[in-house]
Every structure is written in C-alpha cells, then in structure tokens.
Amino acid sequence: MSASIPRIATIVLAKREARDFETALGSIPLLEDVAILSEGKAFEGVISESLTQADIVNALESCGVKADICIQPQKDRKKKLLICDMDSTLIGQECIDELADFAGVKDRVSAITERAMRGEIGFEGALTERVSLLKDLDITVLQKCFEERITLNKGARVLCQTMKADGAKTVIVSGGFTFFTQRVATACGFDSHQANTLIEANGKLTGGVGMPILGREAKLEALKEHSTEFGGRAAAIAIGDGANDLAMITAAGLGIAFYAKPLVAAEAHCAINHTDLRTALYFQGYRESEFIS
Ligand SMILES: [Mg+2]
C-alpha cells in the first residue's frame with residue numbers, strides 16, 4: 001500500500017473569540033503539525049485519511065461555531081499566482097448595477113446581472129444587453145460611480161500585498177470594465193488586470209462593449225496563460241463568486257468560492273462564507289503575523 005499524501009485542514013472562525021477558538025480546536029481531531037495561524041481566529045493541522053469536510057462541519061456546528069474550512073494536500077499550499085474576480089469579490093458591488101442606477105435603469109440591469117451570475121443565462125449576451133441600456137450615459141459618471149459607490153472588500157489589499165511580498169504574481173480577471181479594474185488594481189497593488197471595455201464617443205457611452213467579450217472562457221485562458229511561468233495551474237489560487245468564474249476556480253490548484261452563487265460553491269475546492277478575503281491567506285498556511293497591508 002502506498003503512503004497517501006497528508007491532508008491539512010484550515011479552520012477560520014467567523015468571529016475572533018477565545019472560547020469558541022478553544023472549543024473548535026478541541027472538537028477536531030488534528031494529528032500533527034498543528035499551528036495557530038491567528039490567536040482566537042485561525043488554526044490548521046494534519047487530519048486522518050478518513051476525516052471529511054462534513055465531519056469537520058458537523059463537529060463545529062455541534063458546538064455552535066461558524067467557520068470557513070479548507071481541506072487540501074499539505075504540499076505546495078503557498079501559491080505563486082493569485083487570480084481574482086473583481087465585482088462582488090474584490091469589491092462589494094457589481095459595477096454595472098451601480099452605473100445602471102446613475103442611468104435610471106438599475107432594476108432592469110441588476111435583474112439580468114443576478115441571472116447571469118447564477119448561470120441561468122449566458123454571460124456574453126447578458127453583458128451586451130446590459131451595456132446597451134447604458135447608452136448616452138455621460139462618461140464623467142464612471143469616476144463619480146467609482147468614488148461614491150465602490151468599496152474594497154475587507155482583506156482585498158492584504159491578500160494581494162502579502163502574496164506579492166512572497167513573490168507571487170497577482171492578476172484581476174473581470175467580466176466587468178477596465179475603467180474599474182484599473183482603479184481597483186491600483187488600490188490593492190495587483191500586477192495586472194483584464195476586463196471589458198465600455199465604448200465611448202463624444203463624452204458619452206455608446207451602449208457598445210469591446211469585442212471579444214471577456215467571459216468564462218477568457219478567465220480560464222488567463223489562468224492558464226499566467227500560470228505557465230510557474231509550472232501550470234496547480235500553482236494558482238483563483239477566487240470568485242459568479243458562474244463565469246467557475247471554470248477558473250475548478251481549474252486552479254486552489255479554487256475558492258467567495259460568498260458565491262450556489263452553482264459555484266458546489267464545485268469549488270472550498271468556500272469563504274463567514275469571513276473575509278484574508279482567509280485565502282490562512283488557507284495557504286500564512287500566519288497573521290506575516291500579513292502585509
Ligand atoms: Mg463577481
């Protein structure tokens with residue numbers, strides 16, 4: 001019988017609470033290499049071959065502790081490429097829905113966004129339709145929208161900066177728009193960004209979008225392309241929330257569903273549903289003392 005690869009479980013509590021932390025630590029049978037990644041908040045350890053994710057969820061639930069959990073092979077957990085979706089992942093909004101609000105068509109646009117992110121309708125067609133509803137919007141509204149509506153999700157910058165300091169390449173791949181990815185990339189420190197282009201003429205949006213549209217396949221291609229220099233996609237961590245992120249999430253060495261639609265959460269390696277983007281660092285074995293802001 002060949003020796004199996006040791007698996008490590010990382011547990012990040014929803015709340016930093018000393019008593020919950022001790023309870024959680026005591027409720028999961030960790031075998032060795034137990035490490036406190038952040039006191040009262042996150043820990044990890046090697047688990048037995050028979051222990052499943054459901055066992056850990058049940059153990060935590062039975063003592064009333066909410067946490068995000070990741071089980072993965074112990075080897076090569078620190079990734080060399082960070083590839084992230086932007087809307088509802090790095091930022092708390094869907095840019096197109098916010099723009100639509102300025103154009104007075106938010107209800108129509110956000111209904112289409114929701115269906116597209118759930119995977120109920122095709123991404124490309126949904127994007128074309130929504131952008132057409134922004135026709136004649138003054139382009140100065142884009143900056144106003146960014147300044148007044150867009151907020152970085154907690155941990156976005158720390159995730160990017162900490163991985164960069166450790167030598168990783170950091171990339172945003174978004175089905176949104178370059179106007180926003182450029183600004184979010186700068187705010188967090190991402191090395192590069194890719195997204196769609198809103199076409200403008202005479203100071204107004206034309207209602208058109210640059211072709212080809214960056215959607216699900218383009219995100220997967222970006223993952224493959226950027227990970228080549230690191231020996232392949234096993235070296236990548238991918239994070240997203242929508243159906244158009246699913247291909248890159250399942251193809252990456254570690255794919256994380258971030259407060260994701262059910263379709264995405266069901267197929268990702270692990271999920272963040274209770275905590276913030278810093279959990280993607282804990283899942284790779286980083287300690288809080290190593291975080292860079
Ligand atoms: Mg998204």
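The structure holds one cavity of 30 Å³ or more, where a cavity is a set of points, on a 1 Å grid over the protein atoms alone, at which a 1.4 Å probe fits but cannot get out. This is a predicted model, in which local features need pLDDT of at least 70 and side-chain atom pairs count only at pLDDT 80 or more, while totals for chains, interfaces and linings use all residues. Residues are numbered from 1 along each chain as its sequence is written, and side-chain values use heavy atoms, with hydrogens and water left out.

About 130 Å³ of space lies in the largest cavity, a volume being the space filled by probe spheres set on the grid points, which are joined across faces, edges and corners. Its lining, meaning residues with an atom within 4 Å of a point, comprises 17 residues, of which Asp 87, Glu 94, Met 117, Gly 175 and Gly 176 lie nearest the centre. Two or more lining residues come from each of α3, α4 (106–117), α5 (123–132) and β6 (169–177), helices (H or I, at least four residues) and strands (E, at least two) being DSSP runs numbered from the N terminus.

| Class of lining residue | Number of residues |
|---|---|
| Nonpolar | six residues |
| Polar | four residues |

The magnesium ion is coordinated at 2.1 to 2.2 Å by Asp 85 (OD), Asp 87 (O) and Asp 241 (OD); donors are N, O and S atoms within 2.8 Å of the metal (3.2 Å for Na, K and Ca), and sites may look incomplete because water is not among the atoms. Asp 87, in the loop between β5 (81–84) and α3 (95–102), and Asp 241, in the loop between β10 (236–240) and α10 (246–251), are 154 residues apart. Both Asp 87 and Asp 241 are buried, that is, under 20% relative accessible area (1.4 Å probe, protein chains only).

Gln 93 also lies in the loop between β5 and α3 and counts as buried because its relative accessibility is 13%. Its side chain makes a polar contact of 2.8 Å with the side chain of Thr 151, such a contact being a pair of N or O atoms within 3.5 Å, one able to donate a hydrogen and the other to accept it. Among the residues that Gln 93 touches is Asp 87, contact meaning heavy atoms within 4.5 Å.

In helix α8 (residues 178–188), Phe 179, Phe 180, Thr 181, Val 184, Ala 185 and Cys 188 are buried, and the buried residues of α8 pack against α3, α6 (140–149), α7 (156–165), β6 and β7 (192–196).

Technical notes
Buried < 20%, exposed > 50% of the residue type's maximum accessible area, 1.4 Å probe, protein only. 1 Å grid on protein atoms, 1.4 Å probe; cavity = no way out; pocket = protein on both sides within 12 Å on 5 of 7 lines; lining within 4 Å. Nonpolar A, V, L, I, M, F, W, Y, C, P; charged D, E, K, R; others polar. Lists of a residue's contacts leave out its neighbours within four places in sequence.
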